[in-house]
Amino acid sequence: MTPDQAFDRYEEIRCRLPAASNAGACKKIAGLHELDDQVDVFVFDAFGVLNVGETPIAGAHDRVQQLRDMGKQVLVLTNAASYTRAQTQAKFARLGFDFAPEEIISSRDVCEANLNIVNPHGPWGVIAPAAFKAEDLNVDAQALLDDPRAYDRVQAFLMLSAADWSAERQALLHDSLRRTPRPLVVANPDLVAPRENGLSLEPGYFAHDLQDRLGVEVIFHGKPFASVYETIERRLPTIERKRIAMVGDTLHTDVLGARARGWSAALISDHGLFAGLDVKKFITSSGISPDWIAPSI
C-alpha cells in the first residue's frame, strides 16, 4: 500500500474515528526544542517518530534527552501491540532509548486491562505474531492459525498483530464471524506502519475490512481512540491538556486522537507515512491539522 492509498483508506473510514473540530496552526518548526514555553509533556509515537521498523531515527535519542534536560516529561504512546510489556521495554533499549517502564504506554496494555469486560469467561481467539504465548495474556486464549474449527470454538476475537496474518486466515475469520457474530477487539487500530522497505499492513486494515463486509462492531484500543489518551490523562491530573503534545507521523491516528482530547499535536513529516511527500496536501484534504510540523523531533 502506498501513502496515498493509506490516506484515502483512512478517509473512507473517517466516520468510525473520533471527531475533532478544532484546528491547529500548522506552524513549521525545526524541532521540538522550540516548544519549551508551550508544552510540558511530550508524548511520542514510536514508528515514524523514534524509529522506522527496527532502525532508530538519527538524532531522536539526543532530542529526547534534551527535552528531559529542559525539565519536560516524556512518554511513549505506541500502537505496536505485537509485544508484551517486557518485549516493548527491551525493544526501546535495543534501539538506544532509556525510557523507564512507566514512561511507555502501549495500546496492548490498555486493551488487556479491558478484555474481561468484553468476554469474562469464554476462550479468546488471538491474531498474534508467531512467537505469541497464550500465557502472555490474563485470559483464556489461543492463537488462530489455519484450522477453521478453532475460529468457531472461541467466544471473542483479539487482534494484536498482522505480521503473520494472510488473506486465507482473514477469510476464515470472516466466515466464522458471518456464521456467529462475536466481539472483535483490536489493540492496534493502525492501517499501516512505516518499515525500512515500505508500509506494512496492520490490524486496523483487516478489522475495517470486516466492518465493511459484515457490519460487525469492533472495539478499538489505541490511537486515535479515547482509552489510551484517557490512560495518560489520569497520570497527569494537574497538566492542562493543551500543554500535552502528541508527537506523531500520522494525521488520522496521532493528530486526530490528540485533537479529539484537546491536546496539542506535532506532526513529524520526514520519516513516517508522509516521508518525501507534501504534508500540506493531506492536511488540506482531510481537514486534520496539527499545531506544528517538524521534519524530525
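A residue is called buried when its relative accessible area is under 20%, exposed when over 50%, and partly exposed in between, with a 1.4 Å probe and protein chains only. By this criterion, buried residues make up 55% of the 297 residues in the chain. The structure is a predicted model, in which local features need pLDDT of at least 70 and side-chain atom pairs count only at pLDDT 80 or more, while totals for chains, interfaces and linings use all residues. Residues are numbered from 1 along each chain as its sequence is written, and side-chain values use heavy atoms, with hydrogens and water left out.

The overall dimensions come next. The radius of gyration, taken over C-alpha atoms, is compared with a globule rule of 2.2 Å times the number of residues to the power 0.38. For 297 residues a compact globule would have a value near 19 Å, and the chain agrees because its radius of gyration is 19 Å. The C-alpha trace spans about 55 × 40 × 35 Å along its principal axes. Contact means heavy atoms within 4.5 Å; among contacts between residues at least 6 apart in sequence, 73% join residues at least 24 apart.

The accessible surface, from the Shrake-Rupley method with a 1.4 Å probe, comes to about 12300 Å², of which 49% belongs to carbon and sulfur atoms. Lys and Arg count as positive and Asp and Glu as negative, with His and the chain ends not counted. Each charge is placed at NZ of Lys, CZ of Arg, CG of Asp or CD of Glu. There are 31 positive and 40 negative side chains, and the centres of the two sets lie 3 Å apart.

The chain has eleven helices and 16 strands, which are DSSP runs numbered from the N terminus (helices H or I, at least four residues; strands E, at least two). Helix α8, residues 203–214, has twelve residues. The expected span of a helix is 1.5 Å times one less than its number of residues; α8 reaches 16 Å from its first C-alpha to its last, close to the 16 Å expected. Its buried residues are Pro203, Gly204, Phe206, Ala207, His208, Leu210 and Gln211. They pack against α1 (3–12), β9, α7 (167–179), β10 (184–186), β12 (198–201) and β13 (218–220). Within α8, His208 has a relative accessible area of 1% and is therefore buried. Beyond its neighbours within four places in sequence, His208 is in contact with Arg9, Ile13, Arg16, Leu191 and Phe220. Just after α8, Gly215 takes a positive phi of about 70°.

Strand β9, one of the elements packed against α8, covers residues 156–159 and includes Ala156. Ala156 counts as buried because its relative accessibility is 0%. Not counting residues up to four places away in sequence, Ala156 touches Asn119, Pro123, Trp124, Gly125, Arg182 and Pro183.

Val247 belongs to strand β14, residues 244–248, and its relative accessibility of 0% is why Val247 counts as buried. With residues up to four places away in sequence set aside, Val247 touches Leu32, Phe42, Val43, Phe44, Asp45, Val49, Ala266, Ile268 and Ile297. Val247 and Asp291, 44 residues apart in sequence, are 10 Å apart in space, C-alpha to C-alpha.

Two loops hold backbone features of interest. In the loop between α1 and β1 (27–28), Cys26 has a positive phi near 55° in a residue other than glycine. Cys26 counts as buried because its relative accessibility is 13%. Pro224, in the loop between β13 and α9 (226–235), is joined to Lys223 by a cis peptide bond with omega of about 10°.
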